Each structure stands twice: as structure tokens, then as C-alpha cells.
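Welcome, and please open the structure in your viewer.

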Amino acid sequence: MTEIPRIKVDVKDICKIKQGQDALFGIMQLSDHHFNELIHSDEIGNSFDFEVGAKRLKKFVDETDRVFKSYGITKIFVAFLGDMINSDRRLDEILHASTNRANATLLACHIYRQMLEDLIMRGYKLHVSCVTGNESRAGEFNDFSKIVATDNYDYSIFNFLKVMFEKEKRVTFHSGDWKESLVNISGLNLLLLHGESIRSERDIRDLYSK
């Protein structure tokens, strides 16, 4: 039986960042990566698979690092906002899948693990939270109740990562409501949600009221 790897970054590998006087948190938003989707370049002039997704995520980390270091930011809030795995409920999605979604979940976990480990080695301390999306749900139904909201591959990915980094003190995982989670960071309120329930301006006003 294969165990989930436990990640602990060696202190000597971690870069030192000079913290800015007014720097608080940097925020990284990760949403709708739809890993497991397979797009060939001859179809729509673009291509996507796990390798392309991993390269784009690495580019995002590189660009984020440049911005955050310029402001002297040393702490990052990483918000997973759902649909990390693609749906398989439609025929075209099944035909454009790299593998089954159980395997895709593990592959996505290793890609995100590399991302978090990379950020730690660059000198950042991380806080990670997650809400679930609609395309990544394991079952047919999409609801706000906890039992349905957690029947979701986003939930699995988040908790696999939590186990992977349980020995690493530079990253902290925060669990809240799995469809809409209110987070307070240094006095700043953030409402985390995937957004599939937003249909009109009235829905947006209701969110502001929260």
C-alpha cells in the first residue's frame, strides 16, 4: 500500500525574505484549474493536460513571488476556490479526460504539493483554505449541506495536502464552511466561494451584505 508522503522542507533550503515594514499578507487565488481535462492543440488552437497545467502554475508562482518580494510580503494566504478537477458527467468531458478522476486527484495533489513546497522554499509562511466547486463534485447533486458539499474532489485534494504537510510548521490549513467560508486576515474580511450560485446583480448584493 502506498502511503501519502509527508513533506518537511529542510531549513537550509529555505530562502530568507526581508519583511516590509507595512507588509501584511499576500493572497493567491486558485480556481477552475480543471485538471484532468485533455485539450489537443489541433482542436481549438490551444492545448492542456497535467504537464501544461503544472507549467502554468509554476509561472503563476514565479510572477507572484516577484510581486510579493517587491512589497516585502512574507506570509501568503492560499485560497482554493473549487473546480480543481474537471467534471465527467458529460460525454465530451469523458472523451477529453486524461485518466479517471481518482488518479487525477492524486496527480493534482502532487502538483499542488510541489507548488506549496516551492513557496515555502522561497521563504514564505503559508495559510491555506478551501471551498468546493460544482464541476469537481463526486456525485450528481450540488448543495450547500456539509454532507453534499464535501462529496467533492476539491475536499479530497485539500485534505490530502493537509496530511502531506502535517509535519511542516510553515504551512497551516484552515477548514471552514465548504461552500461559503468567511475568513478574517489581519482585519480584512474575505468571503471564499466558487460562485456558481451567482446569477444576477441581486445575488452579488446579497454577498456584499454578508
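**First stop: a buried aspartate**

Select aspartate 65: at 10% relative accessibility, this residue counts as buried. Here buried means under 20% relative accessible area, exposed means over 50%, and partly exposed lies in between (1.4 Å probe, protein chains only). A word on the model: it is predicted, so local features need pLDDT of at least 70 and side-chain atom pairs count only at pLDDT 80 or more, while totals for chains, interfaces and linings use all residues. Residues are numbered from 1 along each chain as its sequence is written, and side-chain values use heavy atoms, with hydrogens and water left out.

Aspartate 65 lies in helix α2 and arginine 122 in the loop between α4 and β3, so the pair ties together parts that are 57 residues apart in sequence. Arginine 122 is buried too, with a relative accessible area of 14%. Now widen the selection to Lys58, Asp62, Asp65, Lys69, Asp118 and Arg122, which are linked in a network of salt bridges.

**Second stop: the sheet**

Next, switch to a cartoon view. Helices (H or I, at least four residues) and strands (E, at least two) are DSSP runs, numbered from the N terminus. Look for an open sheet of four strands in the order β1-β2-β3-β4, with parallel pairing. Two strands pair if DSSP finds at least two bridges between them. β1 and β4 stand at the edges with a single partner strand each, so one side of each has no neighbour in the sheet. From one strand to the next, the twist averages 20°.

Select residues 25–30 for β1 and residues 75–80 for β2: six bridges pair them in the parallel sense. Leucine 30 stands opposite phenylalanine 80 in β2. In a regular strand the side chains alternate between the two faces of the sheet. In β1, Gly26, Met28 and Leu30 make up the covered face, and Phe25, Ile27 and Gln29 the uncovered one.

Move on to β3, which is joined to β2 by six bridges, again running parallel. Lysine 75 has lysine 125 in β3 as its bridge partner. Now bring in helix α2 (residues 50–70), which packs on the sheet, touching β1 and β2, and whose direction makes about 160° with that of β1. Helix α4 (residues 101–121) also packs on the sheet; it touches β1, β2, β3 and β4, and its direction makes about 165° with that of β2. Contact means heavy atoms within 4.5 Å, and angles run from 0 to 180 degrees between N-to-C directions, with axes as lines fitted to C-alpha atoms, for helices over the stretch in contact.

**Third stop: a link across the chain**

Select arginine 6 and glutamate 166, a salt bridge whose closest N and O atoms are 2.8 Å apart. Arginine 6 sits in the segment before β1 and glutamate 166 in the loop between α6 (153–164) and β4, 160 residues apart. At 39% relative accessibility, arginine 6 counts as partly exposed.

**Last stop: the whole view**

Zoom out to take in seven helices and six strands. The structure holds 14 salt bridges, and 43% of its 210 residues count as buried.

Notes
Salt bridge = Lys/Arg side-chain N within 4 Å of Asp/Glu carboxyl O.
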